[in-house]
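Visitor: I would like to learn how to read a protein model feature by feature. Could you walk me through one?

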Amino acid sequence: MISFQEAKDIVNKNIFQLGSELVGLAQVGGRVLAQDIIASFPSPIFDNSAMDGFAVRYEDTQGASQENPVTLKIVSTSSAGTPSKISLKPGECIQCMTGAKIPDGANSIVMVEDSSGFSDLGTVQIIIETSEGKHIRKMGEEIKDGETLIQKGRTLTPSEIGTIATFGYGELVVSKKPKVAIFGTGDELIEPGKKLGEGQIYNSNLYVFKELVDKVGGEVLMQDVIKDDKDSLRGFLSRALKTCDVIISSGGVSMGRYDYVRDIFIELGVVEHFWKVAQKPGKPLFFGTGDSTLIFGLPGNPVSSYIGFIEWVWPVLETMMGNKESQKVTGILKTPFPREKIKYRFLFGEAWIEDGQLVCQPSKKMGSHMLSSSLKANCILGAMEGDNPLQPGEPIQVNFLPWKTIK
Ligand code: AMP
Ligand code: MG
């Protein structure tokens with residue numbers, strides 16, 4: 001058994017970066033950017049109106065009021081997409097809509113609400129005095145030409161996608177998705193939807209894994225529940241080693257008589273880096289490497305495999321895509337947290353804000369077979385080894401489940 005930190009260092013040393021590919025803007029949601037996004041023009045790209053109204057020379061509106069309006073001659077219209085070609089002379093105005101280019105000669109916009117209204121009559125009465133630049137969105141006021149907008153490594157969310165579209169990128173270089181094989185082992189497992197026989201249980205872990213791989217931005221290429229027999233394991237794994245970047249197994253790596261997964265990995269030439277880590281749950285964690293594949297053997301207990309995935313596999317998949325590993329934060333315990341004498345201890349937990357402080361408590365269901373402990377959880381709490389439980393008021397590490405928020 002090796003220490004938690006030692007195991008982390010070994011994993012980190014073996015992570016490799018995936019290549020990149022060009023993807024159309026409509027398909028980039030959730031992907032990791034592999035190029036910097038540079039503004040190829042200033043934004044706004046031209047001076048334009050922030051309001052529906054009249055483009056004027058502000059000088060012409062001096063002294064205008066409700067009682068004493070100024071009359072201006074309407075000489076043209078500038079609408080979004082169809083700029084006016086006329087330049088404004090003293091005493092004139094141009095009907096100018098939101099987003100429309102400011103006509104030459106104009107230096108201010110009067111809102112239509114501050115006039116007698118749009119009309120075909122040829123004149124308009126302006127009832128307020130405006131100032132230079134009023135309601136004009138200036139070219140480059142938001143972003144300068146050549147500015148770096150988004151750096152590579154960022155996950156593409158609506159914010160990034162919107163900004164990228166604004167600057168006209170039709171396709172982007174993004175990191176390739178990690179190709180992942182997931183499998184479970186156990187003669188007792190049957191698929192949800194079928195009828196349970198005696199001694200059988202439903203396979204839940206692979207459904208958790210599939211969802212997690214999707215959520216982090218990977219792609220499940222191979223998925224199977226394999227009987228506890230060496231030939232079936234060998235067949236699946238030799239194919240997975242040839243085609244996948246990461247293999248993740250659930251079960252079959254403990255000390256049980258039918259726990260063959262580790263044996264078959266080694267038989268197929270996988271280099272074992274460690275097999276047991278000082279952590280609870282999930283001590284029998286296997287980590288190995290093939291020619292170009294990382295292999296994680298997680299234990300079968302549903303809480304162990306779920307927490308194991310989040311703590312060990314998720315950050316690796318993020319790093320392979322060039323994404324920064326999500327940060328952990330510190331919360332203050334509201335209830336005791338059971339530490340282990342020589343093992344790192346994880347439990348699903350709830351974290352929330354109280355009096356401006358992040359506070360948290362572990363799930364009351366602590367067994368590694370009790371998957372319902374994840375239902376209320378929005379985080380995983382983790383504590384280093386120690387002789388006594390951590391007490392209320394003491395700090396603890398909080399690893400938010402990336403798709404959960406504080407409610
Ligand atoms: P193992 O690591 O194979 O010894 O399995 C440990 C425990 O986890 C046993 O109770 C298994 O029945 C259970 N288990 C293994 N695989 C799964 C799975 N895919 N879904 C749910 N439970 C599982
Ligand atoms: Mg088993």
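Guide: We will go through a sheet, its helices, some backbone features, a ligand site and a few side chains. One thing to keep in mind from the start is that this is a predicted model.

Visitor: Let us begin with the sheet. How many strands form the open sheet, and in what order?

Guide: The general idea comes first: strands of a sheet pair through backbone hydrogen bonds, either parallel or antiparallel. In this structure six strands make up an open sheet, and reading across it gives β15-β12-β16-β20-β19-β17, with mixed pairing.

Visitor: Which are the edge strands?

Guide: They are β15, residues 219-226, and β17, residues 271-274; each of them pairs on one side only. Going from one strand to the next, the twist averages 20°.

Visitor: In which sense do β16 and β20 pair?

Guide: Strand β16 (residues 246-250) and strand β20 (residues 294-298) run in the parallel sense and share five bridges. To find your place in that pairing, look at S249, which stands opposite G297 in β20.

Visitor: Is S249 buried or exposed?

Guide: S249 belongs to strand β16, and it counts as buried because its relative accessibility is 0%, where the cut-off is under 20%. Leaving out residues up to four places away in sequence, S249 touches F183, F209, V261, F296, G297 and L298.

Visitor: Let us turn to the backbone. What should I expect of phi and omega?

Guide: Most residues other than glycine have a negative phi, and most peptide bonds are trans. Here are some cases to look at individually. The peptide bond from S43 to P44 is cis, with omega near -5°, and P44 sits in the loop between β2 (37-38) and β3 (48-49). Another cis peptide bond leads from K280 to P281, with omega near 0°; P281 has its place in the loop between β18 (279-280) and β19 (286-289).

Visitor: What is the phi of H135, and where is H135 found?

Guide: H135 has a positive phi of about 60° although it is not a glycine. H135 is in the loop between β8 (123-126) and β9 (136-137), and it is partly exposed, at a relative accessible area of 23%. D355 is also worth a look: its phi is near 50°, a positive value in a residue other than glycine. D355 lies in the loop between β22 (344-354) and β23 (357-362), and it is exposed, with a relative accessible area of 82%.

Visitor: Next, the ligand. How many residues surround ligand 1?

Guide: There are 16 residues around ligand 1, and the closest are E188, N203, S204, G252 and G300. A nitrogen atom of ligand 1 is 3.3 Å from a polar backbone atom of N205. One oxygen-to-backbone distance is 3.0 Å, to a polar atom of G252, and another is 3.2 Å, to a polar backbone atom of N301. Taken alone, ligand 1 exposes 490 Å², of which the protein buries 78%.

Visitor: How far apart are N203 and G300 in sequence and in space?

Guide: They are 97 residues apart in sequence and 9.9 Å apart in space, C-alpha to C-alpha. N203 lies in the loop between β14 (201-202) and α3 (205-216) and is buried, with a relative accessible area of 4%. The side chains of N203 and E191 are joined by a polar contact of 2.9 Å.

Conventions
Residues are numbered from 1 along each chain as its sequence is written. Chains are lettered from A and ligands numbered from 1 in the order in which they are written. This is a predicted model: local features need pLDDT of at least 70, side-chain atom pairs count only at pLDDT 80 or more; totals for chains, interfaces and linings use all residues. Side-chain values use heavy atoms; hydrogens and water are left out. Two strands pair if DSSP finds at least two bridges between them. Helices (H or I, at least four residues) and strands (E, at least two) are DSSP runs, numbered from the N terminus. Axes are lines fitted to C-alpha atoms, for helices over the stretch in contact, and angles run from 0 to 180 degrees between N-to-C directions. Buried means under 20% relative accessible area, exposed over 50%, partly exposed in between (1.4 Å probe, protein chains only). A residue is near a molecule or strand if one of its heavy atoms lies within 4 Å of it. A polar contact is a pair of N or O atoms within 3.5 Å; within protein, one must be able to donate a hydrogen and the other to accept it, and residues adjacent in sequence count only if both atoms are side-chain atoms. Accessible areas come from the Shrake-Rupley method with a 1.4 Å probe; for residues, only the protein chains shown count as cover. Contact means heavy atoms within 4.5 Å.
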